[in-house]
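Dear colleague,

I am passing this structure on to you, and my notes on what turned up in it follow below. Please read them with the structure open beside you.

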Amino acid sequence: MNSGTDQVGGRYSRYVLAVLLVVYIFNFIDRQIISILAEEIKADLGISDADIGFLYGTAFAVFYAVFGIPLGKLADVWTRKSLISIGLGFWSLMTALSGTARSFAMLATYRFGVGVGEASASPAAFSMLSDYFSPRVRATVLAIYSSGVYIGAGIGLFLGGMIVDAWKEAFPDPALAPFGLQGWQAAFMAVGLPGLLVAVWVWTLREPVRGLSEGLVAEPEPHPARETLRSLISVLPPFTLYNLAQLGGARALVLNLIAALAIAVLAYGVNMLMPSTIQWTALGVGVYAAVSWMQALQIRDPDTFSMMFRSRAFVSMTTGFSCIAFVTYGVGFWGPPFMLRVHGVDLAEAGTLLGLGAAIGGLLGVTMGGILADRLRQKSANGRLWVGVFAIALSIPSGLLFLLTGNAWIAYLCSFLFSTTAPMWLGAAASTVNDLVMPRMRATASAYYILMLTFIGLALGPFMIGQISDVYMATGLSDGAALRNAMLWSLIMFAASLALLTLAMRYLPGDEARRVELAKVESPAAAP
């Protein structure tokens, strides 16, 4: 191990943070660009608002969340920088191939691939950065990394709009374009291919000593491939059944089948209320995979299961922050189509102004939120959770005015303010997840946290808004009015967030104390 990795918070640590921020920016460029391309894709492929919400959300989210579990485990037992590099190369290739799609099914398949690749990044990055920097600045560091969400999303909107307009100007007759490509297809290729070069850059990073920043140095896992395979079969149906039968016998298998039946009945019921077989089938399979993994984790690694799922603070805060993500993913995705439909702006203008607003506002908001979270944490165990409450309170006025104003420029300003305040919680959430578990469990805990963000925020937020919009349009409302009403309904999820974060505050001090006591037992030298 290179001695340069032994310096916590030094120059090389900051270099690694910068590189991983670039990775996360590419992550969200490739993920978010579909938002500005939504109207073009809908027109070309002949699909609905719910379909485009599925492509952006569920098609990506289920594979991202499910494969995030074994890849999170791999990050806990293998070289994290190599995992991030390989994942970046794969999702960049899948993004570029999205530009070859000629049907809804083909584009959905490539989005599945993007989801698998991107699942490698954040659990490993959270774990690396937690080792490269002291816990005292963890929320700030993870907030800076998390700002890649908004920088990447903003760049994706800007580039997507610019590329489509330039392509249409160069090739007004699509039949004369190279290979008959549409502008949205060219945009996917243009943003996907550069990621392959960044993947090579990431490979050159040095791997930090696991647990170094807290003096809780973990022993290397002697069989990383075996442990990862165990985690993979714990989430991948139908191997989940064989895995549970081997681990827990008939009782574990019966409990799993009961859970599968309950999930199937629930998915069927929801599909009767909001018909979309592909949406609820995919989400149901994802939820079943997650439940199977949790069941296997309880048997195989009861300490990790206990620190995560017997911590009421952990469960409440991961769900509460995910409810905020429902709103931010939903409003963020449908913002460009909203501006096009309601205010009649052109694609390039919406991409430029919404994109720059998201990039600048997100960078400011996430970074300020992280700094505030670290300062409040020094005064109160619940300091970081309060940042989530502040983010909600500050976001409601700008979100409402964005949707209700009749002036496009006021809407752009409100979108910028919303992009500044809504993501303030990102660093606080990620750092609290890491604070509640031991170093060897961080990537696994982060994978679960990201799974919750993905299922509730990404798989449900954009789709539900699209589905409700379709329902309103079926009653005769214009596409703009229907989308506005659907986006307004999504803000109700802020109330669920507030209730869950308030509940988490009740239990967080005691759960963090329990973690410290366990740390003393495992590593007495690290005890305060």
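In which helix is Thr420 found? Thr420 is found in helix 19, where helices are DSSP runs of H or I with at least four residues, numbered from the N terminus. Please keep in mind that this is a predicted model, in which local features need pLDDT of at least 70 and side-chain atom pairs count only at pLDDT 80 or more, while totals for chains, interfaces and linings use all residues. Residues are numbered from 1 along each chain as its sequence is written, and side-chain values use heavy atoms, with hydrogens and water left out.

Thr420 is buried, with a relative accessible area of 12%, buried meaning under 20% relative accessible area with a 1.4 Å probe and protein chains only. Leaving aside residues up to four places away in sequence, Thr420 touches Gly361, Leu364, Gly365 and Met368, contact meaning heavy atoms within 4.5 Å.

Helix 19 (residues 408–421) also packs with helix 18 (residues 383–404), at an angle of about 165° and with the axes 8 Å apart; axes are lines fitted to C-alpha atoms over the stretch in contact, and angles run from 0 to 180 degrees between N-to-C directions. The two helices are therefore roughly antiparallel, a term for angles over 145 degrees. Among the residues that meet there are Leu394 and Phe402 in helix 18, and Ile410 and Phe418 in helix 19.

Elsewhere, helix 7 (residues 121–132) is mostly covered, since twelve of its twelve residues are buried, including Phe126, Asp131 and Tyr132.

With best wishes

Notes
Angles under 35 degrees count as roughly parallel, over 145 as roughly antiparallel, 65 to 115 as roughly perpendicular and the rest as oblique. Buried means under 20% relative accessible area, exposed over 50%, partly exposed in between (1.4 Å probe, protein chains only).
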